[in-house]
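Work through the exercises below with the sequence and the 3D view at hand. Try each task before reading its solution.

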Amino acid sequence: MIATRRRALVVTGAVLALLAAVLVSILVGPAGLTPRGVLLDMADRLPFVDVESGLSTRQRAILWDIRMPRTVLGVLVGAMLAVAGAAYQGVFRNPLADPYLLGVSSGAGLGATLAIVLGGAAGFAGVPVAAFAGGLLAVTATYALGRTVGGVRSEVVVILAGVAVAAFANAVQTFFMQLRDDTLRQVYSWMLGRLSTDGWSDVLVVLPYVVVSVAIIALHRRTLDVMAVGDVEAASLGIDPARVRLVLVGVATLGTAAVVSAGGLIGFVGIVVPHAVRLLAGPGHRMLLPLSLVVGAAFLVFADVIARTVMAPAELPIGVVTAAVGAPFFLFVLRRSRGVS
């Protein structure tokens, strides 16, 4: 009874945090938007509703063409990175697994950079495909290297393999960037993480990847709970661990690559959020996955608000904000997972 009440409080708190993050993200800035004006303008766009919001034409343009797309993109990126982190930790049975630390983000970054540097007229729509190929190659290399050297059960070996793969991907990425120095500014701003958008186009490109990836991962939530006890036990219950691992790594990488192509290399979301949720709601994936989605979205939207206000009118890369929170938390998780704390 107490556990159920606690989970209900956690769910309510997570939803309220996301709503607060979205509202703050939309309102913060020099445009002079008010909660009443924003809500009335949203209502005015509903069928059979005709109200006067009081917003000027300029304010409406800022709301719908700048603030809203950026906020929605932040929701998608944060939710996907958090859910992907929870999925990676589940399939690898490794509390340190994360899209950033497993090299997925760096591999996806390499693929996206190649698309930017060499793609030319291919357009932004081709970037997620290139990012997915790079991310999938990176996580495959990490998994193979970790298994060869120390076995997938060794947390430290898998993480070190991910660091090595990420370093190699970053080196190749830098090489190609130097070949086309006219793209340096674009690529560097993307590498440091940013949620600046060109209207709704980025959101529409990323959305299908995120929806498909999250849906497939959510359908395997009970399977992830079974796999937590080990491959042999899971196989005895009729589950094919290798097939499940392949499917979940594939779809998590697909979603991660898509959001990386739009938001850049934003680290630590996939390790901070799932662990925070576990501490509050327990390890079961039935609660872990949806809560990670909501909390991850709220976390990144709040981080974006900090990134664009702390040095206003200049903008701090959002990856700096998430790293400032995530690096100490990573040390905490590392100590906890090794039985030190």
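**Exercise 1. Count the charged side chains of the protein chain and find how far apart the centres of the two sets lie.**

Step 1. Lys and Arg count as positive, Asp and Glu as negative, while His and the chain ends are not counted. The place of a charge is NZ of Lys, CZ of Arg, CG of Asp or CD of Glu.
Step 2. The protein chain carries 25 positive and 17 negative side chains.
Step 3. The centres of these two sets are 10 Å apart.

The model is predicted: local features need pLDDT of at least 70, side-chain atom pairs count only at pLDDT 80 or more, and totals for chains, interfaces and linings use all residues. Residues are numbered from 1 along each chain as its sequence is written, and side-chain values use heavy atoms, with hydrogens and water left out.

**Exercise 2. Describe the secondary structure and the overall dimensions of the protein chain.**

Step 1. Helices (H or I, at least four residues) and strands (E, at least two) are DSSP runs, numbered from the N terminus. The protein chain has 14 helices and zero strands.
Step 2. The radius of gyration is taken over C-alpha atoms, and the globule rule is 2.2 Å times the number of residues to the power 0.38. For 341 residues a compact globule would have a value near 20 Å, and the protein chain agrees because its radius of gyration is 20 Å.
Step 3. The C-alpha trace spans about 65 × 60 × 35 Å along its principal axes.

**Exercise 3. What percentage of the residues is buried, and what percentage of the contacts joins residues at least 24 apart?**

Step 1. Buried means under 20% relative accessible area, exposed over 50%, and partly exposed in between (1.4 Å probe, protein chains only). Of the 341 residues, 48% are buried.
Step 2. A contact means heavy atoms within 4.5 Å. Among contacts between residues at least 6 apart in sequence, 76% join residues at least 24 apart.

**Exercise 4. Examine helix α11 and its residue Arg245.**

Step 1. The expected span of a helix is 1.5 Å times one less than its number of residues. Helix α11 has 23 residues and reaches 32 Å from its first C-alpha to its last, close to the expected 33 Å.
Step 2. Of the 23 residues in α11, 18 are buried, so the helix is mostly covered.
Step 3. Arg245 belongs to α11. Arg245 counts as buried because its relative accessible area is 9%.
Step 4. Leaving aside neighbours within four places in sequence, Arg245 is in contact with Val91, Arg93, Tyr143, Met227 and Asp231.

**Exercise 5. Follow the chain from the end of α11 to the end of α12, and note where phi is positive.**

Step 1. Phe268 lies in the loop between α11 (241-263) and α12. Phe268 is not a glycine, yet its phi is positive, at about 75 degrees. Phe268 counts as buried because its relative accessibility is 14%.
Step 2. Helix α12 (residues 269-281) has 13 residues and reaches 18 Å, close to the expected 18 Å. Its buried residues include Val269, Pro274 and His275.
Step 3. Just after α12, Gly282 takes a positive phi of about 95 degrees.

**Exercise 6. Is Thr223 buried or exposed?**

Step 1. Thr223 sits in helix α9 (residues 221-227).
Step 2. Thr223 is buried because its relative accessible area is 17%.
Step 3. Not counting residues up to four places away in sequence, Thr223 touches Ile239 and Val244.
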